[in-house]
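Dear colleague,

I am handing over the structure that I have been reading, and I would be glad if you kept it open beside this message. My notes on what was found in it follow below.

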Amino acid sequence: MSNKTYHELICTTSELLGEATQADEALFEIGITEKTAIQPILSELRIRYTILLARLDTVYDQMLQPQKRLVVKRLLEACLGRLLEVKHDLVEIHLSDHTYDDDDALEKLHVTPIEAEPCIPEYFIREREEEVEQRRNFITEVLRKLGYESPKPRPLILTEQQAIIIIQSHERARQGRLRGQFMKEIRLLKEKGRDQKSEMSATAATAIQRVWRGFITRRETRKRKHLEQLLIGMELQPFIESEEIKKAEQIRQHRRTLQNELKKEYNEALDKIEKDLRVQHEAKINEQIGDELRRWFTEYYERTGRLPEFPSEDAGGSRAMFSRQGTAADSDPSKMSPISSKDSKRSKESKDKKNDKVEDGKNKDESEDLKTFKCTESAFLQDIISANEEFEDIWKFKDDGDEQQEKFDKDMIGREKMLKLEQEIRNNVDEVMRGELDLLQAAFDRDRAHKGKKAKKPQKKVRRGGKKNKKKKEKDLTPDRTTESLFEELITNGIIRPYPSVRIDDYFGEKNYLGHEMRKQGIEPSPCLGDIRQLVKEYCILSLGSEAVRNSAPLVRSVLISGPSGSGKKMLVHAICSEVGATLFDLTPANIVGKYPGKTGLIMLIHLVTKVSRLLQPSVIWMDDAEKPFVKKIPKTDKTDPKRLKKDLVKIIKAINPEDRVLFIGTSRAPWDAEQKLLFQCYSKVIQIPRADYGSISLMWRCQLHRAGALSPRLDLSCLSRVSDSYTIGTLLSALNSVLTTKRRLQLKIRALTAHEIATQLSCREPVYAEQEAAAESWWSKTPLERRRQKVLQRLLELEQENEEKAAAK
């Protein structure tokens, strides 16, 4: 794609942004309204911002002009933040973490459910490639020094009897091939000895033609049928990366290389232009501002008979002083007379009466309060509007040719640097003028023959009484150590661990396409694996990947992921780390046994994890078997001391500030074994992985068998998916790997894979039993958000019954 194509794409995206922001602003103008009325608007906005996020990510990834890319990045981050805000509003409306797509909105915007799932921006990793690679290499190097090597395939060890059997089978095969070749040569010699003078009869020729033509026709029919099924999507193309895809990726990589070159030129131009402007204009601007301030001091003194007060730098400096126009009649609200006691009593009485009326109104309109909702104020909407206006004003209609347009604009850099330089010089001149003004005031006081008071610098107001806002700074236990040494220590002790590179989209699963319709009918739908994937993106990846979004978006400090063994909990943790390039800290009870012993050792461990996780952010602190620290009774066979971190987990999680790109993730197979109150104090969000549904299992089989080249018309996928219903995805994948050995893969062209082979392997593995599903369902009903939803539904039902009884009594 050319530069012009991406310019047109961002222009159309700018128009769509204008439509989305208009709908968004109208949403805030509505104020408090019914949930049933505001929910479709929010659902549509969520889909709109998802589409805009994908478009802006494509443009930012491939656009070359460095200054224009800065505006696009602002739009991208603002849209990402606004998407997360809308998500949290929908969660508050439904009182459920799962927000299913509105079918009307999908139809209106011409979007499929797959396109309505948020994408992961490319710049999360692209702009930190060197940093992430250095960390990986450092971890690998430290582990190599410790003697750790990546696992290698074990050599095949055979007994003498097994080796003899293999040699015998190969020898028999060799002799069979020789015997076959010998018999073939004898047959050919016999055929040559026959009478060659006899002519072939017409009947024999017709028979040969009939067989050959039948074979040719059947082959052509099979080809046409195969092409037709490929066309309508009943069969898949062979899993081979096409040349077109490779060329497209090469073009994208070439444009990324050009991006880096243009960005380097732009940064060099920033320094050069700033130096040139300083040489040309610094002395002149310094003198001009100084003369202007001195002239203004003189005019102020002649007009008022006294010297002005010079505002501090925080208050605006000389710019704020000019705006006062030299008047001394400015009223100070802090010097107003206090309210009399009678007035205060009256106001208290009126407030009490109002409160009583409000309480009566609350009791009367409780049902309306439960059915209404007001959107929270957005921290990103104004950024979207301002950045979009800046793009339309400066870049939308700017066209200097295809090549010239992608280079930096010198005039724009000059204007920006000039403003910055002028402000910097003004601040320096203001400091000098404050000193001169103090000297003038002292001389003025001496001339008046009385002791003058110097202009006091504005002091910070001291808050009297109440609790202090400032938190106590944590004592640094390792002030003299470098980040590298702390990093190496945690790697040596196995707290920081390497992880495989996994993409979140490799987590197979279909979405629940009937979720919205079921909610309309008053039925709470069960999520599918595709909904879990989307939830992990929204809660864990999107907010963690961008510093600007993390600072202002709704904060998620900790997430608990629960599910049976083999459901993909560990894969999700690795995918979160891979998508944002995070550092993984492992605080699993079994992993910290014998490390940092004693009370002082535990304090040091917590300090190192919290300190290094902030220094190497983004970071993910992971605890497997998250229920064990809160189990009431520990089995005697458990020697891991799981309750070691019980009291400190809440402190670790609460110490995560909005500006820290740190996330605490717990994974658990049996969270119902823990004390629920303590468990939910730690984890603010809970994601429960459900049993794999038919659609997700069918999708997984189709994709995996297609990649292995084992997908054939003879394999009944529907039957195989039904048989696999009670197993987790991890169990199914392990069964498939057991079936598709190297020998079996070589035989696929001769003998197609059958469902019976996979079913035989599944029969040897443990399914998810009904008792475990019942325990998980019972535990889910006790989670905070689910209990809150049930209470609201129950209260609404009670109010409806009361209203019906009152209506019947009348």
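In which loop is P618 found? P618 is found in the loop between helix 20 and strand 5, the strand that covers 619–624. Before going further, please keep in mind that this is a predicted model.

The peptide bond that joins Q617 and P618 is cis, with an omega of about 5°. Two residues also deserve a careful look for their backbone angles. Y596 has a positive phi of about 55° although it is not a glycine, and Y596 is found in the loop between strand 4 (583–586) and helix 20. D625, also a residue other than glycine, has a positive phi, near 50°, and D625 is found in the loop between strand 5 and helix 21. Both residues are covered: Y596 counts as buried because its relative accessibility is 13%, under the 20% cut-off, and D625, at 13% relative accessibility, likewise counts as buried. As background to these points, most residues other than glycine have a negative phi, and most peptide bonds are trans.

The charged side chains come next. Side chains of opposite charge can pair when their charged atoms come close. In this model the count comes to 45 salt bridges, and I have picked out a few of them for you.

One of these pairs is E538 with R46, where the closest N and O atoms are 3.8 Å apart. E538 lies in helix 17 (residues 529–545) and R46 in helix 2, so this pair ties together parts that are 492 residues apart in sequence. Are the two partners buried or exposed? E538 counts as buried at 5% relative accessibility, and R46 counts as buried at 2%. These two residues also belong to a network of salt bridges that links R46, K87, D101, K511 and E538.

Another pair is that of R434 and E431, whose side chains meet in a salt bridge of 2.9 Å, taken from N to O. Both R434 and E431 lie in helix 14 (residues 410–447), three residues apart, which is about one turn of the helix. R434 is buried, with a relative accessible area of 15%, whereas E431 is partly exposed, with a relative accessible area of 48%.

D660 forms a salt bridge with R614 as well, and here the closest N and O atoms are 3.4 Å apart. This pair links distant parts of the chain, 46 residues apart, with D660 in the loop between helix 21 (649–654) and strand 6 (662–668) and R614 in helix 20 (residues 598–615). D660 is buried, with a relative accessible area of 8%, while R614 counts as partly exposed at 28% relative accessibility.

Finally, there are patches on the surface to look at. Which residues gather in a patch of negative charge? They are E261, E265, E268 and D271. Of these, E265 lies in helix 9 (residues 243–304) and counts as partly exposed, at 38% relative accessibility. A positive surface patch is formed by R218, R219, R222 and K223; R219 lies in helix 8 (residues 202–232) and is partly exposed, with a relative accessible area of 34%. There is a nonpolar patch on the surface too, formed by L156, L158 and I166, which together have about 290 Å² of accessible area. L158 has its place in the loop between helix 6 (129–145) and helix 7 (160–193), and at 39% relative accessibility L158 counts as partly exposed.

With kind regards

Conventions. Residues are numbered from 1 along each chain as its sequence is written. This is a predicted model: local features need pLDDT of at least 70, side-chain atom pairs count only at pLDDT 80 or more; totals for chains, interfaces and linings use all residues. Side-chain values use heavy atoms; hydrogens and water are left out. Patches are made of residues with over 30% relative accessible area and no salt bridge: like charges are joined within 9 Å, nonpolar side chains (Val, Leu, Ile, Met, Phe, Trp, Tyr) within 5 Å. Accessible areas come from the Shrake-Rupley method with a 1.4 Å probe; for residues, only the protein chains shown count as cover. A salt bridge is a side-chain nitrogen of Lys or Arg within 4 Å of a carboxyl oxygen of Asp or Glu. Lys and Arg count as positive and Asp and Glu as negative; His and the chain ends are not counted. The place of a charge is taken as NZ of Lys, CZ of Arg, CG of Asp or CD of Glu. Helices (H or I, at least four residues) and strands (E, at least two) are DSSP runs, numbered from the N terminus. Buried means under 20% relative accessible area, exposed over 50%, partly exposed in between (1.4 Å probe, protein chains only).
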